[in-house]
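Colleague: I would like to learn how to read charge pairs, ring pairs and surface patches. Please show me the model and go through them in turn.

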Amino acid sequence: RVRSCVHTGDYFVPTSEIIAVEETELNKKQSNIGKWQKMAKPHAFTVYYVKKARNHRWRCSDVTFWCVDEHLCNQWIQALKELLEMQKSRPKQLLVYINPYGGKRQGKRIYEQKVAPLFSLASISTDVVITEHANHAKDNLLEVNINKYDGVVCVGGDGMFSEVMHGLIGRMQKDSGIDQNNPKAPLVQCNIRIGIIPAGSTDCICYSTVGISDPVTSALHIIVGDCQPLDVSSIHHNNTFLKYYVSLLGYGFYGDILKDSEKKRWMGPIRYDYSGFKTFLSHHYYEGTISFQPAKHTLGSPRDKDSCRTGCYICKKTEQQLAEQHKECGLKREEDEEWKVIKGKFLAINAVNMSCACTRSPKGLSPAAHLADGSADLILVRKCSRFDFLRYLVRHTNQDDQFDFSFVDVYRVKGFQFTSKLSEDNESNVTDIGKKRFGQFCRDHPACCCNIANSTWNCDGETLDSSAIEVRVHCQLMKLFARGIEENRKDEAASSQSSIEQLL
């Protein structure tokens, strides 16, 4: 064991969380400290490592070891570097897309000042592209030689991530000859991981998969090569592909907020507060029909108290179960599975693939939603009084059960369809599946004859105008440079100034 001259304790850091090891030149002042002043010429090396603080925040810390024997010092350096080389999950070359316009227009500065120096320290090569217009990254990913990279990093908000995700998934399907317009087509998984450097307004996807929206923390997760599978849902209309989403697909309240806020981009992030208040006062409800496939393969339920965390048992078990089902029965079995139908008036229809947590709503829209269990939580908020709806919204910000209302229903599903009342009236058979399954309706949600205008879908922060859609969840289609949200440990604070022990 080599003991640090700075601290008297011992640092215990796993090899997987060491960032870099470098030989260190000691100046005269350093070599004259304490007992080291008797050494003729001490030799040293510095270990840079991940230091975990409160609230899932990571920082790059370092400790320097001194040794009088130059040969022994070099042996330690070589041994540690060999251990790092054995970490095969770590990226060596990354493709980086920076959105200079998203959020508070700080993406380029955040990357250059906080992220690039860490990538350089970890000996990661990067090709950086500053996006100049919408879909720049998406279009570029369809043409670039993707095989030379170990991952793709997006610097921006949820919109930037969505653009990179669409580019990668589209590229994989194009290279594999998969028709994305076929809603039943088995999509090819993307093995190239995506890293998110948060620089947007809400950064919901980063917060829900790491536990904090912090550029340095996200950069360190990329450096150590973390890998978190992620479900992705596809949206189709009349056998035409529309979009993918990974967090929120919202109709009604959240769709109206987004549609109104898009007209007020000049206000900056505060536009969401303004549009939210305005939408709440308008209290619009929308009528339509929802049919869905219950996710019977999952082990949990949306009303569970346990949240999805690092190494989630349910996500791992689901992956095994689905793999076994595909081997035994293939995908055709889905056609014969039971569909449930609900018809009524709704203030909000939300389908979430993850908790959708953010700084304003630490538990999110569905606290027990899982990142990689092949299902989505479908939340139906039926027409109610403005006061009751406010009670429901307030519970997004506290610890109370937000589904404990008579006007709120939540289902764990692996696919669903929605058709608005106006669309039903104008086009009775929007999809073949809908025509087959809209025969029996839930007695608790009788149809109404009111003609209410259609809402807009909020698809991961982007508007989507379609009054009839078909949604399907694709289990673990993507991979992120993340590990899910780690369990909170109170003793993880900055007091871990102890020393490093490497297991050789």
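Modeller: Start with the salt bridge, defined as a side-chain nitrogen of Lys or Arg within 4 Å of a carboxyl oxygen of Asp or Glu. Side chains of opposite charge can pair when their charged atoms come close. Here K243 forms a salt bridge with E462, and their closest N and O atoms are 2.8 Å apart. This is a predicted model, in which local features need pLDDT of at least 70 and side-chain atom pairs count only at pLDDT 80 or more, while totals for chains, interfaces and linings use all residues. Residues are numbered from 1 along each chain as its sequence is written, and side-chain values use heavy atoms, with hydrogens and water left out.

Colleague: In which strands do K243 and E462 lie?

Modeller: Helices (H or I, at least four residues) and strands (E, at least two) are DSSP runs, numbered from the N terminus. K243 is in strand β9 (residues 240-245) and E462 in strand β16 (residues 462-464), so the pair links distant parts of the chain, 219 residues apart.

Colleague: Is K243 buried or exposed?

Modeller: Buried means under 20% relative accessible area, exposed over 50%, and partly exposed in between (1.4 Å probe, protein chains only). K243 has 18% relative accessibility, so K243 counts as buried. E462, with a relative accessible area of 25%, is partly exposed.

Colleague: How many salt bridges does the rule give?

Modeller: The count comes to 19 salt bridges. One of them joins R57 and D214, with the closest N and O atoms 3.3 Å apart. R57 lies in the loop between β2 (43-52) and β3 (58-67) and D214 in the loop between α6 (204-210) and α7 (215-223), so this pair ties together parts that are 157 residues apart in sequence. R57 is partly exposed at 32% relative accessibility, and D214 is buried at 7%.

Colleague: What separates R171 and D175 in helix α5?

Modeller: About one helical turn, because they are four residues apart in helix α5 (residues 158-176). R171 and D175 form a salt bridge with closest N and O atoms 3.0 Å apart. R171 counts as buried, at 11% relative accessibility.

Colleague: Which residues do salt bridges with shared partners join into one network?

Modeller: That network consists of E17, K52, D226, R483 and E486.

Colleague: Now the rings. How many aromatic pairs are there?

Modeller: Rings of Phe, Tyr and Trp (its six-membered ring) pair if their centres lie within 6.5 Å; planes under 30 degrees apart count as stacked, over 60 as edge-to-face and the rest as tilted. The count comes to 15 aromatic pairs. Among them, Y251 and W457 form a tilted pair, 4.7 Å centre to centre with 45° between the planes. Y251 lies in strand β10 (residues 248-252) and W457 in strand β15 (residues 457-459), so the pair ties together parts 206 residues apart in sequence. Y251 is buried at 2% relative accessibility, and W457 is buried at 0%.

Colleague: Why is the pair of F389 and Y392 classed as it is?

Modeller: The ring centres of F389 and Y392 are 6.1 Å apart and the planes are at 25°, so the pair is stacked. F389 and Y392 also belong to a cluster linked by ring pairs, together with F253, Y254, F280, F405 and F407.
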